[in-house]
Amino acid sequence: MALDAALLALAARELKQTLLDAKIDKIFEPTRDEVVITLRTRTDTFKLLLSARSGSARACLTQDTFENPAVPPSFCMLLRKHLTGGRLVDLRVEQGDRLVFFEFQCTNEMGDLVRNILAVELMGRYSNLVLVQDGRIIDALKRVDFEDSQIRQLLPGLAYTLPQKPNKLDLFAVSSAGLVAAACQKDLPVADALMRSCAGVGPVVCREAAFRALGESAAQADMLTESEKTALIAAIDSIKADYEAGGKPCLACDETGKPVEFSFTALTQYGEQRLTHYDSFSTMLEGYYSTKDRAERLRQKSKDLAKTVKNLHERAIRKQAARKEELAQSGKADQLRLYGELLQANLWAVDKSMRSVQVLNYYDGQTIEIPLDARLNGVGNAQKYFKEYKKKQTAAKMLKKLLEEGEREIEYLGTVLYEVETATGEQALGEIRAELKSQGYLKYYKIRDKKQKPADFYRYRSSDGFLILVGRNNLQNDKLTLHTARGKDLWFHVKDAPGSHTVVMSEGKDIPLTTQNEAAMLAVVHSSLAGGAKVAVDYTEVKNIRKTGDLKPGMVLYEKYETGYITPEEGIEERLREQPAKK
């Protein structure tokens, strides 16, 4: 569902009533498609979200919290330079189009008052934010050059022009009878015919008009009877009346409760029981987009890191395969030793310039042909084979050690990849980056990389009252198991798969079976096997866990343990989550 021009106009009217004369306090750009502006009025502070993301373009107030990048993007810095401290003096829309203009009175570097306009273009994949002064573009969030568009460019210094409007009737500028007459000339279902005939509203509003007039009927527009046309005119009039009255923000959900559509008029086509009505358009838009946007923001932030870790993981696997192949080749070392021994026993049969010699293999009584270096005599060829034999032997020993290290590296990078995919925010990703830098996988930049306060463990409280701690990443896993937990505390981890260390803090008491089962469930929930049934979970007392210096973060050794098979209960994480203490 995309924001249409009619709903945008009503949302903008609402924003104008709330924000007019407010001053800009702060500007952030949490992702490459979103700008958040904090505005202060005499009595309140508001956060204005301007999203130019193709799937969720909108302008509305938000209560969401955002994790901002450590280094502000260039467009964010530009907005701060030209808009910070500015006062909102006007807010208007382009009638029938998805464009809203925020006009601010600002002070430039010379101390003069200037009018800067932030044009918010909410047109699907062409959505953009453009900063304009005196009719000329200062810059755009997404620059559009001649290669991108031959018709309309958005580049610094160019004159700002409006996009072309579709050649359709404006639903709110034409009579309902005129619109129905135009639609009835098309050999299409009524909703599609309305959509092809009018501008300013989306498909859901056209479907609503058809539903109010004709119900579930799939009638063709050019086949409507006079009574059906009259009913359609009345339905469009009722939608127009809702618009003129300021709209009735309405959200429709599917059978599972997932939001699927929104509009400024009641969507009776979905049934009243599946509708949610809101007091404002901002809260409605947030209700529709917030969950989807949070996931998208995190995906954007983790995309580059996930790609890097995946490449490292794949490279480690390829390197391991090459080492195994080399080890297989080194298995032929015994053949080289045999050639050397047989040549030493048959030096009389070898002359310089010979390319091969046939001798008796005294181990099996068979004749064997040995390749020779024509530049060497018998002694030289024998020594050459012994030298290659020792070289292969040494390589085999080294390769076995490298293969062990390679297996640990593959396992470690697999856990990091799991952590990136399940990270809950920028702070978690920052901790993973710090871990990779400490292990030499990423470069460390002294100036840019500021130390951040580490997050706390995930904290849960079992049904029996025992505290259960879960690590968020490999560094936290080490901290939890090796420094926080004590001897008789009980440690859990899924078997042979990436996951978090989970510890029940015993406080010297015996841990009941109920708590053990709940901790095992949490170990599964916080692992790559989450959602599985009868998942194998190893558990042991912390005193049985050890770590050697050659092990990567999050990796430990244990020999004395037991294994249980657990199917997590639905909602176990929320049920046991420890609530923060009220101050």
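Helices (H or I, at least four residues) and strands (E, at least two) are DSSP runs, numbered from the N terminus. The model is predicted, so local features need pLDDT of at least 70 and side-chain atom pairs count only at pLDDT 80 or more, while totals for chains, interfaces and linings use all residues. Residues are numbered from 1 along each chain as its sequence is written, and side-chain values use heavy atoms, with hydrogens and water left out.

**View 1. Strand β19 is largely enclosed by the rest of the structure.**
The strand covers residues 490-494. Of its 5 residues, 5 are buried, and therefore the rest of the structure largely encloses β19. (Buried is under 20% relative accessible area, exposed is over 50%, and partly exposed lies in between, with a 1.4 Å probe and protein chains only.) L490, F492 and V494 point one way from the strand. W491 and H493 point the other way.

**View 2**
Strands pair here if DSSP finds at least two bridges between them.

**View 3. β15 and β16 form a hairpin.**
Strand β15 spans residues 356-361 and strand β16 spans residues 366-371. They run antiparallel and are joined by 6 bridges. V357 stands opposite I370 of β16. The hairpin has 4 residues between its strands. G365 takes a positive phi there, near 75°.

**View 4. D134 and E507 have positive phi values.**
Most residues other than glycine have a negative phi. Phi of D134 is near 55°. D134 sits in the loop between β8 (128-133) and β9 (136-140). Its relative accessible area is 71%, so D134 is exposed. Phi of E507 is also near 55°. E507 belongs to the loop between β20 and α12 (513-525). With a relative accessible area of 65%, E507 is exposed.

**View 5. R40 and D25 meet in a salt bridge.**
A salt bridge is a side-chain nitrogen of Lys or Arg within 4 Å of a carboxyl oxygen of Asp or Glu. The whole structure holds 36 of them. For R40 and D25, the N to O distance is 3.1 Å. R40 lies in strand β2 (residues 34-40) and D25 in strand β1 (residues 23-31), so this pair links distant parts of the chain, 15 residues apart. R40 is partly exposed, at 43% relative accessibility. D25 is partly exposed too, at 27%.

**View 6. R115 forms a salt bridge with E103.**
Their closest N and O atoms are 2.8 Å apart. R115 lies in strand β7 (residues 113-121) and E103 in strand β6 (residues 99-107), so the pair ties together parts that are 12 residues apart in sequence. R115 has a relative accessible area of 42% and is partly exposed. E103 is buried, at 12% relative accessibility.

**View 7. K384 of helix α9 is bridged to D373.**
The closest N and O atoms of this salt bridge are 3.4 Å apart. K384 is in helix α9, and D373 is in the loop between β16 and α9. The two are 11 residues apart, and the pair links distant parts of the chain. K384 is partly exposed, at 35% relative accessibility. D373 is buried, at 13%. Elsewhere, salt bridges that share partners join K16, D90, R92, E103 and R115 into one network.

**View 8. Lysines form a positive surface patch.**
The patch consists of K332, K387, K391 and K392. K392 belongs to helix α9 (residues 378-421). At 32% relative accessibility, K392 counts as partly exposed. Patches are made of residues with over 30% relative accessible area and no salt bridge; like charges are joined within 9 Å, and nonpolar side chains (Val, Leu, Ile, Met, Phe, Trp, Tyr) within 5 Å. Lys and Arg count as positive and Asp and Glu as negative, while His and the chain ends are not counted. The place of a charge is taken as NZ of Lys, CZ of Arg, CG of Asp or CD of Glu. Accessible areas come from the Shrake-Rupley method with a 1.4 Å probe; for residues, only the protein chains shown count as cover.
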